[in-house]
Amino acid sequence: MAGSRVAFLKVSWANVLLNALKIGVEGTLGLLTGSLALTADAAHSVADLLASGVVLIWGRSAFDDADDSHPHGHNRFEPLSALFVGGVLVLLGLKLLYDAGHSILTGVSVEFSIWLVLGLLFALGDMYLCYWYTQYKNQELQLPSLRALAADSLNDLYTTGAALIGVLGMAVGYPIFDPVAGGIVSLLVIHQGVDISRENIQYLADAAPPESEQEKIKERIREHSAVHGIHDFVTFYSGHMIEVEFHAEVDQELSVVEAHDLESDLRQRVREVESVSDVHVHLDPAGLGEWKDADETTTSSA
């Protein structure tokens, strides 16, 4: 856990610093030249910087142990921080789309400069490094907040590429390409923000994981030789991790100690599935059907 926390902090700080560097270069050149495409791309990175900061502050809480105020741990801080990233992107994209439309309607006054091209090429290299490093580290960590930041860095490559096309359009005598590129950037930003938000709302709403993931967990339970069947199987997201609840039908003749050991074994087997955080097991005597039927049988016998 300590190693994962350190790796998370390194990636988060890298995102903060690389976005700050991109803002400094693009923002300065955009303001000096009046390029809407460059200014929009720099503004996008302001949102990225804010999102990276939120992930750095909130996301690391996911590594904290459970306590009295959070008895189930802090897993929900991860998707909460990623949802913030998505929301910021949607709002910023709408603002950029408005600015681009206004510029097209009122006229374009920006002029081409080779510094615009150099600034955007620098931004492309900067964001590729950010994307590659975040994606590489998250192969091990598998955190939704870092996945959101990696997706945002990849989105930056597209938006910066669109801005570069706009600037090159100015170079060949078509200044209208600049606000058009800004509009394309804004649509990409909105699309990415919606995707990130939709994914993490599922995590925060205790939604069920995909059927394939549920089948993988069920298979781990059925593989145990002492399990005759399972029912009342429920899985749901707790943050970005999965909690599992199920009833296992087992031999009626098990002693209390044997049943306890079996329950512990089943719990451990299910927790070996990478995405699972916690497991709740209930053992039912095989052949008696659902637990409520078992209760009725026991009552009748009494």
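A nonpolar surface patch of about 720 Å² is formed by Ile 104, Ile 165, Val 172, Tyr 174, Ile 176, Phe 177, Val 180 and Ile 184. Patches consist of residues with over 30% relative accessible area and no salt bridge, where nonpolar side chains (Val, Leu, Ile, Met, Phe, Trp, Tyr) are joined within 5 Å and like charges within 9 Å. Accessible areas come from the Shrake-Rupley method with a 1.4 Å probe, and for residues only the protein chains shown count as cover. The model is a predicted one, in which local features need pLDDT of at least 70 and side-chain atom pairs count only at pLDDT 80 or more, while totals for chains, interfaces and linings use all residues. Residues are numbered from 1 along each chain as its sequence is written, and side-chain values use heavy atoms, with hydrogens and water left out.

Helix α6 (residues 177–204) gives the most to the nonpolar patch, with three residues. Helices (H or I, at least four residues) and strands (E, at least two) are DSSP runs, numbered from the N terminus. Phe 177, one of the patch residues, is found in α6. Phe 177 counts as partly exposed because its relative accessibility is 36%; the class lies between buried, under 20% relative accessible area, and exposed, over 50% (1.4 Å probe, protein chains only).

**Overall composition**

The chain has nine helices and three strands. Along the sequence they follow the pattern α-α-α-α-α-α-α-β-β-α-β-α. Of the 302 residues, 47% count as buried.

Two packed helices are described by the angle between their axes and the distance between the axes. The axes of helix α5 (residues 144–171) and α6 come within 8 Å and cross at roughly 170°. Here axes are lines fitted to C-alpha atoms, for helices over the stretch in contact, and angles run from 0 to 180 degrees between N-to-C directions. Helices α5 and α6 are therefore roughly antiparallel to each other. By class, the contact of α5 with α6 has 16 nonpolar, six polar and three charged residues. Angles over 145 degrees count as roughly antiparallel, under 35 as roughly parallel, 65 to 115 as roughly perpendicular and the rest as oblique. In the residue classes, Ala, Val, Leu, Ile, Met, Phe, Trp, Tyr, Cys and Pro are nonpolar, Asp, Glu, Lys and Arg are charged, and the others, Gly among them, are polar.

Ser 45 lies in helix α2 (residues 36–59) and counts as buried, at 0% relative accessibility. The C-alpha atoms of Ser 45 and Ser 153 are separated by 9.3 Å, although the two are 108 residues apart along the chain. Tyr 133 belongs to helix α4 (residues 114–141) and is partly exposed, with a relative accessible area of 22%. Between Tyr 133 and Ala 150, 17 residues apart in sequence, the C-alpha to C-alpha distance is 8.5 Å.

**Salt bridges**

Side chains of opposite charge can pair when their charged atoms come close. The structure holds eight salt bridges, each defined as a side-chain nitrogen of Lys or Arg within 4 Å of a carboxyl oxygen of Asp or Glu. The table gives some of them.

| Pair | N to O distance |
|---|---|
| Lys 216 and Glu 213 | 3.8 Å |
| Glu 215 and Arg 222 | 4.0 Å |
| Glu 272 and Arg 220 | 2.5 Å |

Lys 216 and Glu 213 are separated by about one helical turn, because they are three residues apart in helix α7 (residues 211–222). Lys 216 is partly exposed at 45% relative accessibility, whereas Glu 213 is buried, with a relative accessible area of 17%. In the Glu 215 pair, Glu 215 is partly exposed at 34% and Arg 222 is partly exposed at 43%.

Glu 272 forms a salt bridge with Arg 220. Glu 272 lies in the loop between α8 (256–271) and β3 (276–285) and Arg 220 in helix α7, so the pair ties together parts that are 52 residues apart in sequence. Salt bridges that share partners join Arg 220, Glu 223, Arg 269 and Glu 272 into one network. Arg 220 is partly exposed, with a relative accessible area of 22%.

**Strand β1**

Most residues other than glycine have a negative phi. Asp 232, in strand β1 (residues 229–238), has a positive phi, near 50°. At 34% relative accessibility, Asp 232 counts as partly exposed. Phe 236 is also placed in β1 and counts as buried, at 19% relative accessibility. Phe 236 and Ala 205, 31 residues apart in sequence, are 9.0 Å apart in space, C-alpha to C-alpha.
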